[in-house]
Every structure is written in structure tokens, then in C-alpha cells.
Amino acid sequence: MIRSMTGYGEAVREEAGARYRVEIRTVNHRFFNPNVKVPGALQRFERPIVEWLKPFFRRGHVALSLFVEPGGEQGPGLVVDVERARAYAEALR
């Protein structure tokens, strides 16, 4: 259980050809006031993230930021199967 209302944390994970970094900052506040920032393609997950945070923080300003960087140690985030693309193009012709 969290003992202090003010703090900072950061985590990094590389998976599926991308690097994910999450920062969370908290400051004392009378009510639970979440602020979630995620890349545009992941905005649909903002509400589930807020719901996930609620059991951990009864009150306070909670700012969570998610950064996604393609690549990382596993290589590029997108790999094209050239042979399959050629087969699709030929089928369309």
C-alpha cells in the first residue's frame, strides 16, 4: 500500500517491437484527480487506466503518461511480409 501522497515513478518495457515508458507523478490533493496522457492511437484506453488507478489512489493529483517508441532492442515496430504483399497485389490485379 502506498504510504505517501507525493511521489514519482517510471517503468520501461520493450515488447512486440516497441519500447513502452510509463511515468507517474502524484501530489497531495483533497480528491482523486487523475490525468492520463497516452498517444493518440491509445486514447480509448484512458478510461480503463483511470479505473485501474482508483484502487491504488483514494485521493491526490495523479498524472500518468505513456510513451511508445517504435523499435527498441527487438528491431522495428513494423515488419512487412513482402512476399505476402506481392501475392495480395497480384490477386487484386
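Buried means under 20% relative accessible area, exposed means over 50%, and partly exposed lies in between, with a 1.4 Å probe and protein chains only. By that scale W52, at 52% relative accessibility, counts as exposed. This is a predicted model: local features need pLDDT of at least 70, side-chain atom pairs count only at pLDDT 80 or more, and totals for chains, interfaces and linings use all residues. Residues are numbered from 1 along each chain as its sequence is written, and side-chain values use heavy atoms, with hydrogens and water left out.

**The sheet**

- Helices (H or I, at least four residues) and strands (E, at least two) are DSSP runs, numbered from the N terminus.
- Two strands pair if DSSP finds at least two bridges between them.
- Strands of a sheet pair through backbone hydrogen bonds, either parallel or antiparallel.
- Here 4 strands form an open sheet with mixed pairing, in the order β1-β2-β4-β3.
- β1 and β3 (32-37) are the edge strands, and each pairs on one side only.
- From one strand to the next, the twist averages 10°.
- β1 (residues 7-15) and β2 (residues 18-27) run antiparallel, joined by 9 bridges.
- Their hairpin has 2 residues between the strands, and A16 takes a positive phi near 55° there.
- E15 stands opposite A18 in β2.
- β3 and β4 pair in the parallel sense, over 6 bridges.
- P34 stands opposite V62 in β4.

**Helix on sheet**

- α1 packs on the sheet and touches β2, β3 and β4.
- The direction of α1 makes about 140° with that of β3; axes are lines fitted to C-alpha atoms, for helices over the stretch in contact, and angles run from 0 to 180 degrees between N-to-C directions.
- V50 touches F32, P34 and V36, not counting residues up to four places away in sequence; contact means heavy atoms within 4.5 Å.

**The core**

- A nonpolar core is a set of buried Ala, Val, Leu, Ile, Met, Phe, Trp, Tyr and Cys residues joined through side-chain atoms within 4.5 Å.
- The largest one has 9 residues: V36, V38, I49, V50, L53, F57, V62, L64 and L66.
- α1 (46-53) and β4 (60-70) each supply at least two residues of this core.

**Rings**

- The structure holds 1 aromatic pair.
- W52 and F56 form this tilted pair, 5.1 Å centre to centre with 50° between the planes.
- Rings of Phe, Tyr and Trp (its six-membered ring) pair if their centres lie within 6.5 Å; planes under 30 degrees apart count as stacked, over 60 as edge-to-face and the rest as tilted.
- F56 counts as partly exposed because its relative accessibility is 42%.
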